[in-house]
Amino acid sequence: MTLKTVPITGSVAAWAMEQAGLSIDQVADRSNYPVETVRAWISEEVRPTVGQAKRLAEVLHRPLSVLLLPAPPESFGLPDALRRASGAGQRNLAPEELRLTRRARRLQRLLRWVVTRQAIEPPDIPQVSGLEPSEAGTILRDWVGVSAETQLTWNDAKQAFETWRATLESLGVFVFQLQLGKGIRGFSMFDDLAPLIAVNTAENYQARSFTIFHELAHLGSRTDSACLESTGTRRLERWCEETASATLMPLTAIHDFVRSQASVSEDVDLVKKAASTFKVSLRAAAVALIRGGYLDQSVYEDIEESAPITDRLKGFGRGRGQRAPERRKAEVGPRPLRLVFKAFESHLLTERDLRDYLRLDGAELDELARQLESA
């Protein structure tokens, strides 16, 4: 019996491999097919069977229909800024990081379409590129609209992060929480209608708050970026770091804080106390105190060296047994989910669309809708 084959396009398969950050050898290993077989598919010397084509699409995290396109799609690849992480150095994103970044990009496109169809007022993120970090931070803080006095009343870092996230969502910025592992702190995707920030759940809430504003600085400079843990000497990343610190810890609030800490003599103790008071990371506190002239730059260098460890204390990488609807709500956030459900109720999206974009079945969609109604 002759097995039915699928006429995939070799150049599209090669493009999908490149977008996934996978070599031919890696694809062959993950699909359990010989390297020569995968090469023959790409060169179109041999067509895969239906089962082989489905397995290839699964490995590449793409619908099989994508592999049937006549040519690689021009507008659906990630830009270079989101394929390479920047910081103390540069590196290509790992396959899992690329997969999550692509998924976020896809949801962003859906949200842009929904925002357009629902005639929602677009966010007006201030353009702050070219400004000194202190000035840029002041402008962004005024735009966010949360006073330092309010910030100091929050009970803990979790409340701080959740309030920052909810505030930015109310301003039209989508903030995702994704399981990005130990590689990158987060990423940002500028869009005039659906700007998006993603933070890494492996980091604690203090570090996530700092990442939110580091990525907001990228949005304010109209740049996409995937950011490594250490900024090193890279100019844009260091500017975003300093702007984020200035946004989280206004200079007048720092001065008031330092005056109240006359009994604290050790530099590191002052950083720890500031981080605890403002519910921010040690790194954010160190940058702010240096900016205020209270500490030497060398203190930041000491703090940054330990940041990969301290930023991950009490972070979490997985959903801790959460059901899929609850996990999706934590990842994507209530506002974007309400937007897509509203689009569904208005018949702009079908249930199949929701299942596809949110990766939930019918019962799970119903459960998620109930969660959103009760929130």
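Student: What is the relative accessibility of Lys158?
Tutor: A word on the source: this is a predicted model, where local features need pLDDT of at least 70, side-chain atom pairs count only at pLDDT 80 or more, and totals for chains, interfaces and linings use all residues. Residues are numbered from 1 along each chain as its sequence is written, and side-chain values use heavy atoms, leaving out hydrogens and water. Buried means under 20% relative accessible area, exposed over 50%, and partly exposed in between, with a 1.4 Å probe and protein chains only. Lys158 counts as partly exposed, and its relative accessibility is 37%.

Student: Which residue forms a salt bridge with Lys158?
Tutor: Side chains of opposite charge can pair when their charged atoms come close. A salt bridge here is a side-chain nitrogen of Lys or Arg within 4 Å of a carboxyl oxygen of Asp or Glu. With the closest N and O atoms 2.7 Å apart, the partner of Lys158 is Glu162.

Student: How many residues apart in sequence are the parts tied together by Asp191 and Arg112?
Tutor: The side chains of Asp191 and Arg112 meet in a salt bridge, at 2.8 Å from N to O. Asp191 lies in the loop between β4 (184-189) and β5 (196-200), while Arg112 is in helix α6, so the pair ties together parts whose separation in sequence is 79 residues.

Student: How far apart in space are Leu339 and Val114, C-alpha to C-alpha?
Tutor: Leu339 is found in helix α17 (residues 334-345) and is buried, with a relative accessible area of 9%. Leaving aside neighbours within four places in sequence, Leu339 is in contact (heavy atoms within 4.5 Å) with Val114, Val115, Gln118, Ile120 and Phe174. Leu339 and Val114 are 225 residues apart in sequence, yet their C-alpha atoms are separated in space by 7.1 Å.

Student: What is the phi of Asn32 near?
Tutor: Most residues other than glycine have a negative phi. Asn32 lies in the loop between α2 (24-31) and α3 (35-43), and it is exposed, with a relative accessible area of 64%. Its phi is positive although the residue is not glycine, at a value near 65°.

Student: Where is Ala119 placed?
Tutor: Ala119 also has a positive phi, of about 55°, without being a glycine. Ala119 is exposed, with a relative accessible area of 69%. Its place is the loop between α6 (95-117) and α7 (133-144).

Student: What is the closest N to O distance in the salt bridge of Glu351 with Arg355?
Tutor: Glu351 and Arg355 are four residues apart in helix α18 (residues 351-358), so they are separated by about one helical turn. Glu351 is partly exposed at 34% relative accessible area, and Arg355 is partly exposed at 40%. Their closest N and O atoms are separated by 2.8 Å.

Methods
Helices (H or I, at least four residues) and strands (E, at least two) are DSSP runs, numbered from the N terminus.
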